[in-house]
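Welcome! Please take a look at the structure below, and then we will walk through some of its features together.

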Amino acid sequence: MTTARVVLVTGGNRGIGRSIAERFVAEGHRVAVTARSGEGPEGTLTVRADVTDAASVDAAFTEVEQQLGPVEVVVANAGITKDTLLMRMSEDDFDSVVATNLGGAFRVVKRASKGMLRARWGRVILISSVVGLYGSAGQTNYAASKSGLVGFARSLTRELGGRGITTNVVAPGFIETEMTASLPEATQAEYKRNIPAGRFATADEVAGVVTWLASDDAAYISGAVIPVDGGLGMGH
Ligand code: NDP
């Protein structure tokens, strides 16, 4: 039986973040999500935050602390893509993706670390992607931001590992979301041929790994990159 914790998931209004929040609620935790629009799933506290803005992140944490208590588990999930070939990639295409995916994790985890250090307990979970280490043509900005999370997590493990705080990276492969559902059938079939599991994952399959990393059973795992990709990126 895992202890009930205060959990904050960024980008919990839709997609993978929403599934992660649902799973934490189902396991009996007190869960807050950040959203720029919309609401988190039933049973969660929704707070507004833009992860590219430190003041907005700080205000969101303060609200969660007031309503639920200090954040013990933080899941940096909010992310964007702006795919295009390098030759066509603008400064903004690169900067905005890095500012959201990598800078966003920095801002959120920095703010969360205050309470975790005080409690001498914490779980930091960063949602990366198979693309971070496997690479993907047309996604140099996204892949750079996602592999950056690995160096960030491993350095944080060395900084805070002695204070009861673990930091891990979850690297999903292709997940059944609106994005993958809108791909032509032939494209989906082509992708699936390259995945040893022969299928995409559900968002809940990612969520289950995230809640396990937050559990007491995963207390001795830190600085790890856990793939949830059906074998697509193995060896990385
Ligand atoms: P979605 O596009 O469905 O959701 C992205 C979430 O991030 C939304 O809640 C969005 O909020 C939020 N977000 C984006 N920018 C910001 C910002 N500046 N501040 C605050 N929140 C922001 O994405 P997915 O669920 O598909 O992906 C979730 C994570 O998983 C991402 O980090 C993604 O890179 C990663 N991933 C996804 C894969 C997939 O196959 N889908 C595969 C591998 C990794 P809003 O609704 O307000 O825009």
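## Helix 1 meets helix 9

Let's begin with a pair of helices: helix 1 and helix 9 cross in a right-handed way. Keep in mind as you read that this is a predicted model. The two helices, helix 1 and helix 9 (residues 203–214), pack with their axes 8 Å apart and at an angle of about 55°. Helix 1 and helix 9 are therefore oblique to each other.

Which residues make the contact? On the helix 1 side you can find G15, I16, S19, I20, R23 and F24, while helix 9 brings A203, D204, V206, A207, G208, V210 and T211. Sorted by class, the contact of helix 1 with helix 9 holds seven nonpolar, four polar and two charged residues.

## Helix 4 beside helix 6

Now try a second pair. Helix 4 (residues 103–119) and helix 6 (residues 140–160) have axes that come within 12 Å and cross at roughly 15°. Because angles under 35 degrees count as roughly parallel, helix 4 is roughly parallel to helix 6. The crossing of helix 4 and helix 6 is right-handed.

Here helix 4 contributes A105, F106, V109 and S113 to the contact, and helix 6 contributes L149, F152, L156 and L160. Seven of the residues in the contact of helix 4 with helix 6 are nonpolar and one is polar, with no charged residue.

## Around the ligand

Next, turn to the ligand. There are 28 residues around the ligand, and G11, G15, R36, A78 and G79 come nearest.

Which element gives the most to the shell around the ligand? The answer is helix 1, with three residues. Helix 1 (15–26), strand 2 (30–35) and helix 7 (178–181) each supply at least two residues of this shell. By class, the shell around the ligand has 11 nonpolar, 14 polar and three charged residues.

## A region named in a record

Finally, UniProt has an unreviewed entry that places the feature "domain: Ketoreductase" at residues 5–178. In the model, the span of residues 5–178 is 46% helix and 19% strand, and its end C-alpha atoms lie 30 Å apart.

Terms used
Residues numbered from 1 in each chain as written. Predicted model: local features only at pLDDT ≥ 70, side-chain atom pairs only at ≥ 80, totals over all residues. Axes fitted to C-alpha atoms, helices over the stretch in contact; angles between N-to-C directions. Helix = DSSP H or I, 4+ residues; strand = E, 2+ residues; numbered from the N terminus. Parallel < 35°, antiparallel > 145°, perpendicular 65-115°, else oblique. Left-handed = near helix turned anticlockwise from the far one by under 90°. Contact = placed C-beta atoms within 7 Å. Nonpolar A, V, L, I, M, F, W, Y, C, P; charged D, E, K, R; others polar. Near = placed C-beta within 6 Å. UniProt positions renumbered as here; feature names shortened; annotations may be inferred.
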